[in-house]
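Thanks for coming, everyone. I'll keep this short. Please look at the model on the screen.

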Amino acid sequence: MSSKSPDTKSRLLDAAVTLLEEGDVTIRMADVARAAGISRQALYLHFPTRADLLVAAARHVETLKGMEQRLAPSRAAGSGLKRLDAYIDAWAQWQPEIHGLAKALMAMLPTDDAARAAWDDRMRAHREGCEAAVKALSKDGALAPDHTIRQATDILWMLLSLRNWELLTQDCGWSQKRYRNQTKQMARQLLVAA
């Protein structure tokens with residue numbers, strides 16, 4: 001097997017994700033190579049920097065867990081309100097599945113530029129999803145008039161933040177169903193024209 005093969009890349013990404021989900025907040029390149037059973041030189045052929053590796057690992061989780069398919073109902077929704085609800089459904093379902101990886105990245109944020117790059121990359125994508133839902137509301141004339149698209153996007157992004165999910169489900173004991181339903185209700189109250 002070539003060190004540049006897709007299988008090698010996948011093994012490296014799987015190893016990085018496993019280390020992150022296990023709470024390894026140091027996650028050195030050598031550790032990932034060792035866990036994948038691949039030389040460090042082969043790792044650097046695929047990922048020249050640690051930031052490249054962490055960004056790719058976060059995206060890899062989305063591929064493995066079918067995030068594109070989960071977002072399809074939101075993207076195909078026939079109205080802004082249906083798009084908003086479907087986006088919240090997808091994100092609420094997704095949060096417990098990425099919690100381990102996200103928690104590891106969040107722990108590294110204050111001191112680790114590579115973790116910051118991975119986190120920022122995924123948060124940009126999430127924010128784009130929030131903005132698309134808000135723009136669909138606006139297009140339908142259903143966006144609350146006291147918010148600009150940017151402000152409404154800020155609000156939805158905040159409501160769906162992993163930290164909020166963690167506080168409500170982990171600390172307060174809310175079920176996933178309650179979290180999803182309450183988040184939809186709050187989003188509608190804050191973002192949808194009366």
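Predicted model: local features only at pLDDT ≥ 70, side-chain atom pairs only at ≥ 80, totals over all residues.

Arg-28 has a partner. Its side chain meets that of Asp-31 in a salt bridge, 2.9 Å from N to O. Asp-31 is buried, at 14% relative accessible area.

That is one bridge. The structure holds 15 salt bridges. Take Glu-62 and Arg-122: their closest N and O atoms are 2.8 Å apart. This pair links distant parts of the chain, 60 residues apart. Glu-62 sits in helix α4, and Arg-122 sits in helix α7. Arg-122 counts as buried, at 16% relative accessibility.

Next, Asp-154 and Arg-127. Their side chains meet in a salt bridge at 2.3 Å, N to O. Asp-154 lies in helix α8 and Arg-127 in helix α7, so the pair ties together parts 27 residues apart in sequence. Asp-154 is partly exposed at 31%. Arg-127 is partly exposed too, at 22%.

Now the inside. The largest nonpolar core has 63 residues. Helix α6, residues 80–108, gives the largest share of this core, 14 residues. Leu-156 is among the residues with the most contacts inside the core. Leu-156 touches several residues, including Leu-84, Leu-191 and Cys-130.

Last, the cysteines. Cys-130 is buried, at 0% relative accessibility. Cys-172 is exposed, at 52%.

Definitions and conventions: Residues numbered from 1 in each chain as written. Heavy atoms only, no water. Buried < 20%, exposed > 50% of the residue type's maximum accessible area, 1.4 Å probe, protein only. Core = buried A, V, L, I, M, F, W, Y, C linked by side-chain atoms within 4.5 Å. Helix = DSSP H or I, 4+ residues; strand = E, 2+ residues; numbered from the N terminus. Contact = heavy atoms within 4.5 Å. Salt bridge = Lys/Arg side-chain N within 4 Å of Asp/Glu carboxyl O. Lists of a residue's contacts leave out its neighbours within four places in sequence.
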